[in-house]
Amino acid sequence: MVSVEKQSAPAPASAGKGLTVGAWAQRHLNLCFVAGFLLVLLAYFVVSQQFAVASPDAVSAMTPHRKKHQATKSSGRAGEAGLTQRNRGGEATAEAGPAQEQRQRQRQQAGPPKAEHRARGVGKRDRDDGAAKPFDNGKVVCRASPFSYTCDVSGDVRTNGTAHTVTLVPATSLTERREWSIQPYARYNMTGIPNITVTQLDSTSAASPAPACTVTHRVPAIVIGLGGHLGNYFHDFSDALVPLFVASRRYHGEVQLLASNIQPWWLGKYEAVVRRLTKYDVVDLDHDDQIRCFRRVTVGLNMHREFDIVPELVPGGVPLSMANFTAFLRETYSLPRAAPIRLTKGSSPPVDRKKKKPRLMLLDRGHYRKLVNVPEIVKAAEKAGFEVVIADPRFNVRVKELAMSVNSFDVLLGVHGAGLTNAAFLPPGAVVIQVVPYGKLEPMAQREFGDPASDMGLRYLQYSIKAEESTLLETLGPDHPAIKDPDSVHRSGWDKVAEFYLGKQNVRVDVERFAPTLALALDHLRRQ
């Protein structure tokens, strides 16, 4: 049986006026309710958008997933060889947005205390115990750098993953209790990466002794933190791959990695590199319920400089440099070229100059800091004697494919940005040309790509554009402080520098002014 709702009978005519006023009031109340609801919805949307921009986890969350790298939660046996890969992570874009770059610089501007506040790119320490100082008692050796803090612990060392602790059990009763709180990422103060408490027990710890070992390892361990800025191609190398290479290379694969805030997509993306640095499955430290015992544990990764290695700071007395790192990459990805094209007479094999030209990869960014006159630049480079190939650093390819492609070139040319990280795959003796945007960004450009390129054994050339080559001149006008007085923009803080010079600027290269730089690159290759 279907129930039908009856409509109310019409009101008598004598009530018409009262009904008209009541209906108007009801309609007015409904409109107010709708307007209020829309205002609340708009406020929620604005706040959620701001949070999405500010969240340091946004980059990782957007990363596509394909195949997953196996992370060991708790293994009853130590030293099982092999890195099982199940998730070769999706390739993040080569560039993160200005918002991420701005967050990065803001975190780093405060800088560590005292004399270590030397340069932009330095992050402050977030701890109360003042332990971020060099320390060495033979069993615990802690090192401070402008970017990070690490400790090497030797002896009876026990890790408790779920508690985020590393404990040194003393062999004698003559030691004093000490504690250090260390974030194992290569930069200070990264959101989402828990600190590891390193404790040296004393003779009074008998009342609460260290937990007994459930797994005993024959190899040393390195505790690392993932996440942070990873997902940005530059930071993948600067914050993780290079420091991990420095920390682990001396062990020749005989080392166990314990990863806090594990990122399976990242371990999958760089599986070939990780596999060559350790023979064992990476342990998911945050979910590891084993008490693992080692004779030596390094807590944290030490970044010497941006995307660079200082040989004097390499632990274990093993001489390493960026040249060693790039040679390691060539071996890892089976890159065929260890030298650029030879244009001199008597080269072996002989070169037909009419058919063989040095190859130039032009990085064509698809967004901010893009080259707006690519055809003119291509024509100028071809006129100088190069074979030019345009590459888009945003495309998603596997690292090996990208490495093989870059290795086939003799010159890498691009505006300041993460795409220049691919210089690591060039053959030694090749050329990197960095186009530096307007705004007095030369120190940053030199530090992040110039010095590393030179340390890789590459010829580094830098082309700084003038205001006339920047689209800021058109969009802001000649009297805007960003054009007229870049120093005032720098004094306003990094957020303004990032906003104008990294986030709102494109580049129109003056090809006549740029021609001598191309000539220098060709001349260098002729002298190889």
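**Entry: ground rules**

I am working on a predicted model, in which local features need pLDDT of at least 70 and side-chain atom pairs count only at pLDDT 80 or more, while totals for chains, interfaces and linings use all residues. I number residues from 1 along each chain as its sequence is written, and side-chain values use heavy atoms, with hydrogens and water left out.

**Entry: the whole chain**

I noted 15 helices and 19 strands in the protein; these are DSSP runs numbered from the N terminus, with helices (H or I) of at least four residues and strands (E) of at least two. Of the 528 residues, 52% count as buried. Here buried means under 20% relative accessible area, exposed over 50% and partly exposed in between, with a 1.4 Å probe and protein chains only. I also looked at contacts (heavy atoms within 4.5 Å). Of those with a separation of 6 or more, 75% come from residues 24 or more positions apart.

I followed strand 15 and strand 16, which pair in the parallel sense over five bridges. Leu 363 stands opposite Ala 391 in strand 16.

**Entry: helix 7**

Which residues of helix 7 are buried? I listed Met 322, Phe 325, Thr 326, Phe 328, Leu 329, Arg 330 and Thr 332. Their cover includes helix 4 (233-248), helix 6 (271-277), helix 9 (399-407) and helix 10.

I then took helix 4 and helix 7 as a pair: they pack at an angle of about 90°, with their axes 11 Å apart. They are therefore roughly perpendicular to each other, a label for angles of 65 to 115 degrees, where under 35 is roughly parallel, over 145 roughly antiparallel and the rest oblique. Phe 237, Leu 241, Val 242 and Phe 245 of helix 4 make the contact with Met 322, Asn 324, Phe 325, Phe 328 and Leu 329 of helix 7.

**Entry: aromatic rings**

I counted rings of Phe, Tyr and Trp (its six-membered ring) as paired if their centres lie within 6.5 Å, with planes under 30 degrees apart stacked, over 60 edge-to-face and the rest tilted. By this rule the count is 15 aromatic pairs. One of them is Tyr 333 with Phe 425, edge-to-face, at 6.1 Å centre to centre and 85° between the planes. Tyr 333 is in the loop between helix 7 (322-332) and strand 15 (359-363), and Phe 425 is in the loop between strand 17 (411-415) and strand 18 (431-436), so the pair ties together parts 92 residues apart in sequence. Both Tyr 333 and Phe 425 are buried.

Tyr 438 and Tyr 501 form an edge-to-face pair, at 6.3 Å centre to centre and 80° between the planes. This pair links parts 63 residues apart, with Tyr 438 in the loop between strand 18 and helix 10 (442-455) and Tyr 501 in helix 14 (residues 494-502). Tyr 438 and Tyr 501 are both buried.

I also found one aromatic cluster, whose members include Trp 266, Phe 307, Tyr 333, Phe 425 and Phe 449.

Most residues other than glycine have a negative phi. Ser 334, which follows helix 7, has a positive phi near 50°. Arg 369 has a positive phi of about 65° although it is not a glycine. I placed Arg 369 in the loop between strand 15 and helix 8, where it counts as buried at 1% relative accessibility.

Key
Pairing = 2+ DSSP bridges. Axes fitted to C-alpha atoms, helices over the stretch in contact; angles between N-to-C directions.
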